[in-house]
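I opened this entry to write down, in order, what I looked up in the two chains. My notes follow the structure shown here.

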Amino acid sequence: MRKIYVYFISLLLILDLQGLLAQDTVLFPLKVRAGIDLIGPGFYFSDRDNLNVEGFVSYDKNEKMAWVLEGGFQSYKYSQYNYDYNSRGVFARLGVDLNLLKPDKAAGTYWAGIGLRYGIGIFDSETPSLYHENYWGKTASSVPSKKMTAHFIEFAPGVRTEVFRNLSMGWTIRLKLLLSGGGGKDLKPISVPGYGSGGGMTNAGISYFITWNIPYRTKTVIIIPPVEPEEDEDIEETEESTGQQRIGF
Amino acid sequence: MKLRHHIAFLLFAVLTVVLMSCTPEACFEETNAFLKATFYSNETKEKKTPDSLSVTGIRMPDKLYDRQSGVQPCLFPLDASSGTCSFVIKINNIKDTVIFQYSSYPHLVSKECGYTFYHRLDTFFVRNNSFYIYRSSDNVTTANEENIRIFY
């Protein structure tokens, strides 16, 4: 009885191996990544009142999908003739990156796809001074610092390429939808960390990441070769062999 | 995508962001929250525009309306630094003083426009009862919403 089991298991393994040999396979390196954004610090050189620092870690679940956790810090100051505004806080985004490239094209080196994120920003919003003028004269006031929490979702298409061994660069466009800005309808925050301008329900942004990749496992991915239609070949062969042309009426 | 493509894109992105930061911002929204009053006939109870309207804030040198015709609605600015405002109103030849009591709170119009003050109307008085006032809405905002009706 034991020999029969061994025989069947061996037979199954052989059949399975034959199935694999009949298809194309690629070795796809699954990676853990850590990256930092270059746009925020770059922008800080032109506007010293607005600092946005962010980074991410991601973990390849398989060749198509990676879990992503992004986090960062934002300090924002804005001033104009009738008010001053400050906000300062942290944010996090959790979601997935979906690679639209085929595994044989991506090969663990290229990524082009979309990211989906849920984001949360926890921050202090303050208006140290505000002025309003009407018929009765000028009124000065302020809005004290208040802790706020904002929620948003993102749709983030982008590309990434390994430019050196285990070092990637790539950009992501961020299309954002604010679910809740905090502050209510009267004291909406002017800037929400991780989201940007808090005035609108939608917003857009861009990130340019430099990423360090750490391969942790190599996965064998089966590639299904495109099936060529056999009938056409037969027809062509027939036409060539007979030297005749079909005429349709 | 090669390294030089990435660097070119990065430079382009930084340039775009810098240019966007230099774009002038303008305010195109209404930044004053007026108490909006519509005039009605005391006899017919129909909407009726005064032939002549004069409105002056108490202790203010300037008139808001000076014997103006065709005013409908009348916009009363409220003083955010005080909880009460009084106006001398002259409709055609009838003159009286109206006192509004309210609370004020800041409201962000937009990043470009900054803040305004919204008000919540508590009560109002007409000193000599020359007019009858009906309250439509307590919320004095920048929205085009009637707050009171003045019957004369």
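I began with β1(B) and β4(B), which pair in the antiparallel sense over four bridges, in what is a predicted model. Within this pair I found B:Ala37 opposite B:Cys74, a residue of β4(B). I then traced the sheet to which the pair belongs: four strands of chain B form an open sheet in the order β4-β1-β10-β8, with mixed pairing. At its edges are β4 and β8 (132-135) of chain B, each of which pairs on one side only, and the twist from one strand to the next averages 30°.

Next I looked up the largest nonpolar core, and noted that B:Ala37 is among the residues that touch the most other members of its 22, together with B:Leu35, B:Phe76, B:Leu78, B:Phe87, B:Phe100 and B:Val140. The elements of chain B that give two or more residues to this core include β1 (34-40), β4 (74-77), β6 (94-110) and β10 (148-151), while β5(B) gives the most, with four residues.

- The peptide bond between B:Gln72 and B:Pro73 is cis, with omega about 5°, and B:Pro73 lies in the loop between β3 (63-68) and β4 of chain B.
- B:Arg67, which is not a glycine, has a positive phi of about 50°; I located B:Arg67 in strand β3 of chain B, where it counts as exposed because it has 11 C-beta neighbours inside 10 Å and the cut-off for exposed is 12 or fewer.
- B:Asn92, also not a glycine, has a positive phi of about 55° and lies in the loop between β5 and β6 of chain B; B:Asn92 is exposed, with 12 other C-beta atoms within 10 Å.

Strand β3 (residues 65-80) and strand β4 (residues 83-99) of chain A run antiparallel and are joined by 16 bridges, and the hairpin that links β3(A) to β4(A) passes through two residues. β4(A) also pairs with β5(A) in the antiparallel sense, over 16 bridges.

Is A:Val163 buried or exposed, or something in between? I recorded it as partly exposed, because it has 19 other C-beta atoms within 10 Å and a buried residue needs 20 or more. A:Val163 and A:Gly35 are 128 residues apart in sequence, and their C-alpha atoms are 14 Å apart in space.

Last, I examined where the chains meet, and found 30 residues of chain A in contact with 28 residues of chain B. Among the elements of chain A that each supply at least two residues to this side are α2 (39-46), β5 (110-134) and β10 (202-223), and the largest share, six residues, comes from β6(A). By type, the chain A residues on this side divide into 16 nonpolar, 11 polar and three charged.

Terms used
Residues numbered from 1 in each chain as written. Chains lettered and ligands numbered in written order. Predicted model: local features only at pLDDT ≥ 70, side-chain atom pairs only at ≥ 80, totals over all residues. Contact = placed C-beta atoms within 7 Å. Nonpolar A, V, L, I, M, F, W, Y, C, P; charged D, E, K, R; others polar. Core = buried A, V, L, I, M, F, W, Y, C linked by C-beta atoms within 7 Å. Pairing = 2+ DSSP bridges. Axes fitted to C-alpha atoms, helices over the stretch in contact; angles between N-to-C directions.
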